[in-house]
Amino acid sequence: MSFEDWLNLVKSADKSSVIQGNVRKVHYRFPDGREMAEEYSTDTGVVLRRAWKNKSTLLHKEDWVLELGESIPAGLKENEEMLKECCTEPLLTKRVTRNAIEWRIRNLPYPLTTYTITCNENEKTLTIKTSNNKYFKKINVPEFQRCNFIPKQEHLNVVYKNATLIITVKKPAILLEMERAILTVLQDVETMEYNNVCCENLLGGLMIQE
């Protein structure tokens, strides 16, 4: 996928938008039946949360899959019972800032020298493994795939503190340009205030329950 492919896909989607507090919530329905839900900070324009849902069938309803953000709001999943991670198991979260993408893996008790983090330039992924073979994780980076950016080892910054491994990658110029282009597209989407609209009808009840 290229920058233009992703931009055209976003343009092709049916889009609805509502502002609740300092968060703008946007729902996309793509021509192939997939859906995407995003939450943006109205203060910074940064994406706080993004989730995807494949097209459901009569016999099977798809759940939302989180791409970035701390957690999926109650109501974003079809099932009311949500599985909770064991507090001692490694927990991966992802967030973005204006200039960087950051991953945090909590509950990792090993010192920094234990970890090896590598970039796969062909797959545009990150891989984390430990020398004691206690942890292994391959992280997809959809942002890099969408703008066809090839990550390099020198782009990584790794910090370890409080049993948390923090991996940060500075956003490349092509990604920043792509994000600006998406925000420009969203400027043309009618956005309504949460208090003045029936959100159940506007967004299918997907993003209004916290």
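Predicted model: local features only at pLDDT ≥ 70, side-chain atom pairs only at ≥ 80, totals over all residues.
Leaving aside neighbours within four places in sequence, which residues is Leu165 in contact with?

Residues are numbered from 1 along each chain as its sequence is written, and side-chain values use heavy atoms, with hydrogens and water left out.

First, the overview. The protein has four helices and 13 strands; these are DSSP runs numbered from the N terminus, H or I of at least four residues for helices and E of at least two for strands. Of its 210 residues, 42% are buried. By buried I mean under 20% relative accessible area, with exposed over 50% and partly exposed in between, using a 1.4 Å probe and protein chains only. Looking at contacts with a separation of 6 or more, 50% come from residues 24 or more positions apart; a contact means heavy atoms within 4.5 Å.

Now to helix H1, residues 3-12. Its buried residues are Phe3, Trp6, Leu7, Leu9 and Val10. Seen down the axis of H1, they fall within an arc of 160°, so they line one face of the helix; that arc is taken over the directions from the helix axis to the C-beta atoms. What do they pack against? The partners are strands E1 (14-20), E2 (23-29), E3 (35-41) and E4 (47-53), plus helices H2 (142-146) and H3 (173-186).

That brings us to the sheet. Six strands form an open sheet with mixed pairing, in the order E5-E4-E3-E2-E1-E13. Strand E5 (65-68) and strand E13 (191-193) are the edges, each pairing on one side only; to pair, two strands need at least two DSSP bridges between them. From one strand to the next, the twist averages 20°. H1 packs on this sheet, touching E1, E2, E3 and E4, and its direction makes about 80° with that of E1. For the angle, axes are lines fitted to C-alpha atoms, over the stretch in contact for helices, and angles run from 0 to 180 degrees between N-to-C directions.

Next, the core. The largest nonpolar core has 42 residues, and those touching the most other members are Trp6, Tyr28, Trp103, Leu126, Ile128, Leu165 and Ile167. Such a core is a set of buried Ala, Val, Leu, Ile, Met, Phe, Trp, Tyr and Cys residues joined through side-chain atoms within 4.5 Å. H3 gives the largest share, six residues.

So, back to my opening question. Leu165 is in contact with Trp103, Arg104, Ile105, Leu108, Leu112, Tyr115, Ile117, Ile128, Val158, Val159 and Tyr160.

Most residues other than glycine have a negative phi. Asn107, however, has a positive phi of about 65°. You will find Asn107 in the loop between strands E7 (100-106) and E8 (115-120), partly exposed at 30% relative accessible area. Asn162 also has a positive phi, near 50°. Asn162 sits in the loop between strands E11 (156-161) and E12 (164-170), and is exposed, with a relative accessible area of 71%.
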